[in-house]
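Work through the following exercises with the sequence and the coordinates at hand, and try each task before reading its solution.

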Protein chains: 4
Amino acid sequence: MPALSPEELYLFDTTGFLVVPGVFGPSEVTGLRAELDRLHPVDPGFANTRRYDDLPTTSELFAKLGRDERIVGRVREVVNQPLRVLEGYALRRGRDSVLYLHGGNSELLDLDGGTVGRDLSITHTYHDGKLFCPYVKALVYLSDIRSPEDGSFCYIQGSHKANYPLLRHRAERGERASLIDEGFPTLTDVFVGAGDLLILNEALMHGTRRKRTPGDRLLAAFGYGPTYMADWSEWDGETGDLRGTGYVDHDVEEDFVR
Amino acid sequence: MPALSPEELYLFDTTGFLVVPGVFGPSEVTGLRAELDRLHPVDPGFANTRRYDDLPTTSELFAKLGRDERIVGRVREVVNQPLRVLEGYALRRGRDSVLYLHGGNSELLDLDGGTVGRDLSITHTYHDGKLFCPYVKALVYLSDIRSPEDGSFCYIQGSHKANYPLLRHRAERGERASLIDEGFPTLTDVFVGAGDLLILNEALMHGTRRKRTPGDRLLAAFGYGPTYMADWSEWDGETGDLRGTGYVDHDVEEDFVR
Amino acid sequence: MPALSPEELYLFDTTGFLVVPGVFGPSEVTGLRAELDRLHPVDPGFANTRRYDDLPTTSELFAKLGRDERIVGRVREVVNQPLRVLEGYALRRGRDSVLYLHGGNSELLDLDGGTVGRDLSITHTYHDGKLFCPYVKALVYLSDIRSPEDGSFCYIQGSHKANYPLLRHRAERGERASLIDEGFPTLTDVFVGAGDLLILNEALMHGTRRKRTPGDRLLAAFGYGPTYMADWSEWDGETGDLRGTGYVDHDVEEDFVR
Amino acid sequence: MPALSPEELYLFDTTGFLVVPGVFGPSEVTGLRAELDRLHPVDPGFANTRRYDDLPTTSELFAKLGRDERIVGRVREVVNQPLRVLEGYALRRGRDSVLYLHGGNSELLDLDGGTVGRDLSITHTYHDGKLFCPYVKALVYLSDIRSPEDGSFCYIQGSHKANYPLLRHRAERGERASLIDEGFPTLTDVFVGAGDLLILNEALMHGTRRKRTPGDRLLAAFGYGPTYMADWSEWDGETGDLRGTGYVDHDVEEDFVR
């Protein structure tokens, strides 16, 4: 039996994500939170944010979570290639933390030879009834997020299939505020509870609202892709010997917002 | 100035490959042949074929060749992503060697969850004037190949953009001969001289004819792709921890020919 | 100067429609309403709905509206082909009128030779910075529609680029209610005022809510497409001589709702 | 049973055409030739070429041919929409006649608002196992054409799926010769016999060689498309009332060759 119903597949295809409520029970959530309390986070350079890196290596509990059939079974049906885990981490965020918009199907990337509007690591397609998404994230929420003030996940409608870039035009006009603060007609919030699973096509332009409420906002995230993809690491440019690996950084709000 | 003229780009796009004659001069060809004579080949399991593995590591001369602007400048214009070398090797082939057809845009791949008609590692696209080919090979010929009997490169016209698979139907009908021997209306030969460069979209279904003439048939090959792609290695199935890397093996003639 | 800003084009591309507020002033709206009061509507077979057919022929004022640069200038930038008017009509709707969902990029169409998931008359594409939408509607609102109870335009997010059908699965499960009444996670309302213009990609699955408020709901609609497209008429099947023209009727809610 | 085998469909998809030998027997060919001898051709303005226009109206025999299941059954499987006949004609060509290259998936079309690289009347796609070609021609050969000197059908490989234009660059460089005379690496000839059927995706860039042999070269041609498409007529520009119909004339060799 497929892990996703026809309507779930329709929603993932048309919106670029899918929320499955209550995949993980309260005791599992408690266990995962306790495990993170034992681990040592790093400072990722974002305000009021702690990151637990490389969970598949540092925690057997999270390594198992990354292979959990409730996640992987669903992810398989939107990747449809032999699968591997590209990254696994958790984020603990406090008040005033924010995650600016990133992703988008056609945001611009400057290369030596010119500017391109494709990042192949997120370029997805469809063939004969199946989606082929090369980079899919599974977000396991360990907190309730019930309002924008809780720092909700937000996204630009249809951006995972956009034919045009959105951010460069704005930057060239001199605009330096994030759409998260300034608004955009199709910027939309998603509210979830602890234990919910969000499956995300990384081609979707998404971020999170500025958290205004007290308490922490905790989630674990796993990235999945075909077996030919390297572990995720940020790309700092080609190496001289053309042997270095990493992921490109097309336009994201971080590049422009001040 | 672009490395490829509009007509070269048109040819690469419409046929899936491009031959650039005489990129490497006679003394360079001699030097590369001499270098291979010093290296130790392995037996790749194909009849009358010796393979020199991992040239970027084993030979400084070939490492430089893999970064040579005459190759990389052209490859960049059909990958259009930050680039890396995925593999580099040479093949020395004698009489009766052959390379069966492989590649094809829609050949089938069996997964646990069903059969799919896409291999994302070769799925290419186009956007705003630029091609995006994730796996491009550069073949540097070190021998003249002037006839099918010399073991010429051959390909199925248009297979790099095929919407349908070709091989599975034949196999299911019980056919066990290679199209290279049996013929196909659009199987086409390409003849080259030593020093020629062939740039290849790996989505093209291609192989080589059975070599019938004496002497060796020598070429060096480099694979290129975006920086997020892992070094090439044949995929043996997902590992239990979902951390293993490798490239998928959709239907190729090797699977069916007896 | 382009008629659509980069952000308007981004919105039309990603959502399948665009609202331009206040294109027509109050006196123009009054004039168009008065013109309709002089014309004779027909009964289109929908409850509490009157239709004014073939406006480009029956009314010089509406013929001019169909060629008005404020509409056509915008439509041209999403059709990008030599243009013609395919239809022009107005709808006057009273209480309890409704328009069930229709459109959708991949809804099913039964032919003698099998079932297909494409209706080429609405199949749109993109190439080199330009959208190519073969069927675009311009809705000129002559009433304020401020709530679902006013019978607002509503649509399924992302349905203009859906890879899957939505309606057939539901029908096969025996569901006979409209999503307009039953709800769907991505069914979204659009509110407008008299004088607003809505440009619509007909591939979007859309309809209107059940009108619950008193008063009429009046709009004029023009369909545009490339010059090779025939005047709109509903398709009743191929004619025996294969010379008849008409537009296909893939799955729409009308076929299933009782 | 499908009219096209998997291999025929693969060939049509990958090359843009399909030859089916001997569909019409010698007596049928004789009958069709005799019918044309009774009809009155017009001068289409091409050297040594006579055209029999509008055959579905002027000849009951050709009207039946246009509905013949041996043609229509095959055409249906590459259009996959409710079908109509868009045009039907015959060409009788003598020595020195030629048909320059036309078609191509991305040749340029100048509009008031800019230049576009799509002609939607030939823009084809694929979805869930089926091709969707909006303009398909069936050529019924009534003569043997065994060499380029007989004026063979010729085409540019892969041009039906080209992402780039071919002709405009050449014209801008001042080249005024046809590729038919000048050659192109992927210009390819097709030889046929009387009674053969050639099914053609009009997106393929094709033409015929200059006829050098004596005798006539006779064929009947039928154009097919979805029922929403108008009868074929050459487009002379939009009419002022935006009601005129016709087919666009993107770049073809006729525009440039002198």
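**Exercise 1.** Which residue caps the N-terminal end of α5(B)?

Solution. The model is predicted, so local features need pLDDT of at least 70 and side-chain atom pairs count only at pLDDT 80 or more, while totals for chains, interfaces and linings use all residues. Residues are numbered from 1 along each chain as its sequence is written, chains are lettered from A and ligands numbered from 1 in the order in which they are written, and side-chain values use heavy atoms, with hydrogens and water left out. The cap is D68(B), a side-chain oxygen of which lies 2.8 Å from the backbone nitrogen of R70(B). Just after α5(B), N80(B) takes a positive phi of about 55 degrees.

**Exercise 2.** Locate both partners of the salt bridge that R92(B) forms with D216(B).

Solution. In this salt bridge (a side-chain nitrogen of Lys or Arg within 4 Å of a carboxyl oxygen of Asp or Glu), the closest N and O atoms are 2.7 Å apart. R92(B) belongs to strand β3 and D216(B) to the loop between β13 and β14 of chain B, 124 residues apart. R92(B) counts as buried (under 20% relative accessible area, with exposed over 50%, partly exposed in between, 1.4 Å probe, protein chains only) because its relative accessibility is 18%, whereas D216(B), at 27%, counts as partly exposed.

**Exercise 3.** Find which residue of chain C forms a salt bridge with R76(D).

Solution. The partner is E238(C), with the closest N and O atoms 2.8 Å apart. The pair crosses between chains, from helix α5 of chain D to the segment after β14 of chain C.

Technical notes
A polar contact is a pair of N or O atoms within 3.5 Å; within protein, one must be able to donate a hydrogen and the other to accept it, and residues adjacent in sequence count only if both atoms are side-chain atoms. Helices (H or I, at least four residues) and strands (E, at least two) are DSSP runs, numbered from the N terminus.
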